[in-house]
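Reader: I'm new to this one. Could you take me through the salt bridges up close, and tell me how the paired side chains sit?

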Amino acid sequence: MSETIKVDIWSDVQCPWCYIGKRKFEAGVAAFGDDVEVEYHSFELAPDTPVDFAGSPIDYLSERKGIPVPQVLEMLQRVTGIAESVGLHYDYDSVHQTNTIKAHELLHYAKAHGRQLQMKESLLKAYFVDGGHVGRIEDLADLAATVGLDRADVVRSLTENEYLAAVKADVVQATEYGIQGVPFFVIDGKYGISGAQDPDTFAQALRQVRSERADTDTSETEETHA
């Protein structure tokens with residue numbers, strides 16, 4: 001039995017490529033066919049965004065980022081089409097642009113309670129598909145309850161900033177790794193893959209790690225019997 005391969009993923013809840021990359025990575029893991037442990041880490045694409053931003057993603061990208069509206073519309077149309085190709089139905093007309101710091105705190109809370117992967121999927125779906133608000137504590141608590149977390153305790157945790165230090169630690173580690181954009185995948189602590197790559201790219205990287213481990217095990221066995 002080979003040891004489980006660990007994959008650390010830096011991403012943001014309001015990153016369209018992160019959701020697409022999640023689906024492609026999952027397809028790569030399925031093609032790989034062996035055990036993979038996944039842990040999500042925090043990365044804020046727009047930490048200066050107000051929780052209740054008065055506008056749409058189009059407004060945000062045009063006003064805050066200085067991108068011309070026609071270019072923004074073209075970008076969103078393109079990413080929506082790519083999302084469709086992996087089975088995701090983005091609804092940018094309903095998206096609530098917001099600050100995601102509390103969503104990241106919730107992901108750390110969920111990790112501590114064994115629900116991080118379910119929570120990550122729910123947050124991405126809420127933001128891109130369902131028109132949910134992922135910046136406000138009450139809304140996040142409602143969403144947390146749907147994956148089996150204690151709603152009242154989630155409110156307490158987010159109100160007390162219980163996992164804020166953990167979020168900041170993730171951001172620092174991303175800087176140390178030189179991560180400038182997300183999604184970013186770190187496989188077995190040594191191979192980095194940036195962006196929403198094709199499933200085969202992830203599968204090949206996982207196979208490489210498995211092969212290297214097998215070679216190491218063989219070498220160690222030969223040395224033991226030498």
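**A look at the salt bridges**

Author: Let's start with Arg 151, which forms a salt bridge with Asp 142, the closest N and O atoms being 2.7 Å apart. A salt bridge here is a side-chain nitrogen of Lys or Arg within 4 Å of a carboxyl oxygen of Asp or Glu. Bear in mind that this is a predicted model: local features need pLDDT of at least 70, side-chain atom pairs count only at pLDDT 80 or more, and totals for chains, interfaces and linings use all residues. Residues are numbered from 1 along each chain as its sequence is written, and side-chain values use heavy atoms, with hydrogens and water left out.

Back to our pair: Arg 151 is partly exposed at 30% relative accessibility, and Asp 142 is partly exposed too, at 43%. (Buried means under 20% relative accessible area, exposed over 50%, partly exposed in between, with a 1.4 Å probe and protein chains only.)

Next up, Glu 121 and Arg 23 meet through their side chains, 2.6 Å from N to O. Glu 121 lies in helix 5 (residues 116-128) and Arg 23 in helix 1 (residues 16-32), so this pair ties together parts that are 98 residues apart in sequence. Helices are DSSP runs (H or I, at least four residues), numbered from the N terminus. Glu 121 is buried, at 19%, while Arg 23 is partly exposed, at 23%.

Then there's Lys 190 with Asp 188, at 4.0 Å from N to O; Asp 188 is partly exposed, at 23%. Salt bridges also link Lys 6, Asp 8, Glu 39 and Lys 111 in a network. Across the whole structure, the search finds 23 salt bridges.

Terms used
Helix = DSSP H or I, 4+ residues; strand = E, 2+ residues; numbered from the N terminus.
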